[in-house]
Amino acid sequence: MNTLNVVPTSPIGAKYWSELKDLSDSVKLELITLLSSSITYSAHKDSVEKGWTKKFAGKWQDDRSSEEIIEDIRAARNAHIKEIEL
């Protein structure tokens with residue numbers, strides 16, 4: 001097995017590397033996938049701007065009353081329902 005002279009840079013990395021370096025390639029790939037997924041999720045979660053919805057407050061412009069808008073929204077909810085004969 002070729003490990004390419006990998007040298008961990010932290011004590012935690014060194015600890016885990018000593019335990020994981022001799023695992024099979026398939027197990028290493030599975031661990032890489034799991035670890036990569038957790039990093040991607042964390043990076044995405046951290047990049048979400050907090051309070052992003054506030055920039056839309058007061059932006060909607062419409063001549064209809066609130067009641068008319070609510071009525072249109074409720075009517076649209078059923079617009080795609082099709083009756084099916086059984």
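**Salt bridges and a nonpolar patch in a predicted model**

Analyst: Asp62, Arg64 and Asp72 are linked in a network of salt bridges, where a salt bridge is a side-chain nitrogen of Lys or Arg within 4 Å of a carboxyl oxygen of Asp or Glu. This is a predicted model, in which local features need pLDDT of at least 70 and side-chain atom pairs count only at pLDDT 80 or more, while totals for chains, interfaces and linings use all residues. Residues are numbered from 1 along each chain as its sequence is written, and side-chain values use heavy atoms, with hydrogens and water left out.

User: How many salt bridges does the structure hold?

Analyst: The structure holds 2 salt bridges. In one of them Asp62 pairs with Arg64, with the closest N and O atoms 2.6 Å apart, and Asp72 also forms a salt bridge with Arg64, where the closest N and O atoms are 2.4 Å apart.

User: Is Arg64 buried, partly exposed or exposed?

Analyst: Arg64 counts as partly exposed because its relative accessibility is 31%, given that buried means under 20% relative accessible area, exposed over 50%, and partly exposed in between (1.4 Å probe, protein chains only). Asp72 is partly exposed as well, at 38% relative accessibility.

User: Switching topic, what is the secondary structure of the protein?

Analyst: The protein has 3 helices and 0 strands, and along the sequence the pattern reads α-α-α. Helices (H or I, at least four residues) and strands (E, at least two) are DSSP runs, numbered from the N terminus.

User: And which residues form the nonpolar patch on the surface?

Analyst: The patch is formed by Ile12, Tyr16, Leu20, Val27, Leu31, Leu34 and Leu35, which together have about 620 Å² of accessible area. Helix H1 (11-20) and helix H2 (25-47) are the elements that give two or more residues to the patch, and H2 gives the most, with 4 residues. Patches are made of residues with over 30% relative accessible area and no salt bridge, like charges being joined within 9 Å and nonpolar side chains (Val, Leu, Ile, Met, Phe, Trp, Tyr) within 5 Å. Accessible areas come from the Shrake-Rupley method with a 1.4 Å probe, and for residues only the protein chains shown count as cover.

User: What lies over the face of Tyr16?

Analyst: Lys15 does, at 5.2 Å from the ring centre; a charge sits over a ring if NZ of Lys or CZ of Arg is within 6 Å of the ring centre and within 35 degrees of the ring normal.
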